[in-house]
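Colleague: I would like to learn how to read a few features of a protein model. Please take them one at a time.

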Amino acid sequence: MSLHPTLQPYADAWTHSIEAISELVQPLADSEWNRRTPCPGWSLRDVVSHVIGMDCEMLGDPRPIHTLPRDLFHVKTEHQRYMEMQVDVRRHHTAPEMTSELEYTIIRRNRQLRNESRDPGTKIRGPIGTEQTLEEAMRYRAFDVWVHEQDLRTALRRPGNLDSPGAYIARDELVAALPKVVAEDAKAPAGSAIVFDVHGPVEFMRTVRVDAEGRGSVDGTPSLGPRVALTLDWETYVGLACGRITADLVADRIKAEGDPELTAAILMAFAVTK
């Protein structure tokens, strides 16, 4: 193996999730590909198209030349327009076309990963003309593919892999966003501490602390007197943080203690995926 050791966990997580996706969609009939998923505006076909398209970009393939229709009401930002291009260009593909392109992309990406000898800090092309390191790109692909595997599982009513390798990468990605959610978006007051206690297949407790300048940081040390304490299960946490559900729909699965106004502001700002 020539893959750098720090990249191996991301490659393993991506492989685990992409193979699960392939297994989920392989037997689907043409009519089933239009089934809605929790991902706003996207069907099963759209989710798989996105996964294929993003991995094609990791392979260095040129982006499709395509004009988006004007009636895609879930597409509101430049980032969403960028992501929608790989999706819309495949909207009329048949089930065999989808599964064969997915399998071919997996084969190509596996070959790329076997031969990958670049340093994790190597700069590569990112979305919308940005640059990112190879490590950032591979970490995000592992996170993204796991989240979309869960979208497919929810739509197909086939739960699973909530504690797979990709789940722990998702945990780290989502926890890293908590200081912004609490300090910047929900505007928690200086000196406050907010505790998140998550149970289920992936368990953790994290405290976001807001310093005197209003900057947030996160750690694993409990706070004895938090301004807000939120207790919820892992699946609910993922759904909220990835914008698949809203707090009012799952209020019975969230235990909140402390400042009610700040609690509402945090739950309103909880979605961190674009």
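Colleague: Where does Pro 27 lie?

Modeller: Pro 27 lies in the loop between α1 (8-25) and α2 (44-58). Helices (H or I, at least four residues) and strands (E, at least two) are DSSP runs, numbered from the N terminus. The model is predicted: local features need pLDDT of at least 70, side-chain atom pairs count only at pLDDT 80 or more, and totals for chains, interfaces and linings use all residues. Residues are numbered from 1 along each chain as its sequence is written, and side-chain values use heavy atoms, with hydrogens and water left out.

Colleague: Is Pro 27 buried or exposed?

Modeller: Buried means under 20% relative accessible area, exposed over 50%, and partly exposed in between (1.4 Å probe, protein chains only). Pro 27 has 61% relative accessibility, so it counts as exposed.

Colleague: How many aromatic pairs does a search of the whole structure find?

Modeller: A pair of aromatic rings is described by the distance of the centres and the angle of the planes. Rings of Phe, Tyr and Trp (its six-membered ring) pair if their centres lie within 6.5 Å; planes under 30 degrees apart count as stacked, over 60 as edge-to-face and the rest as tilted. The search finds seven pairs. One of them joins Phe 196 and Phe 270, which are tilted, at 6.1 Å centre to centre and 55 degrees between the planes. Phe 196 is in strand β3 (residues 193-199) and Phe 270 in the segment after α9 (260-268), so this pair ties together parts 74 residues apart in sequence.

Colleague: What kind of pair do Tyr 237 and Phe 270 form?

Modeller: Their ring centres are 5.3 Å apart and their planes stand at 85 degrees, so the pair is edge-to-face. Tyr 237 is buried, with a relative accessible area of 1%, and Phe 270 counts as buried at 3%.

Colleague: At what angle do α2 and helix α4 (residues 95-114) pack?

Modeller: Two packed helices are described by the angle between their axes and the distance between the axes. Axes are lines fitted to C-alpha atoms, for helices over the stretch in contact (heavy atoms within 4.5 Å), and angles run from 0 to 180 degrees between N-to-C directions. Here the angle is about 30 degrees, with the axes 10 Å apart. The helices α2 and α4 are therefore roughly parallel; angles under 35 degrees count as roughly parallel, over 145 as roughly antiparallel, 65 to 115 as roughly perpendicular and the rest as oblique.
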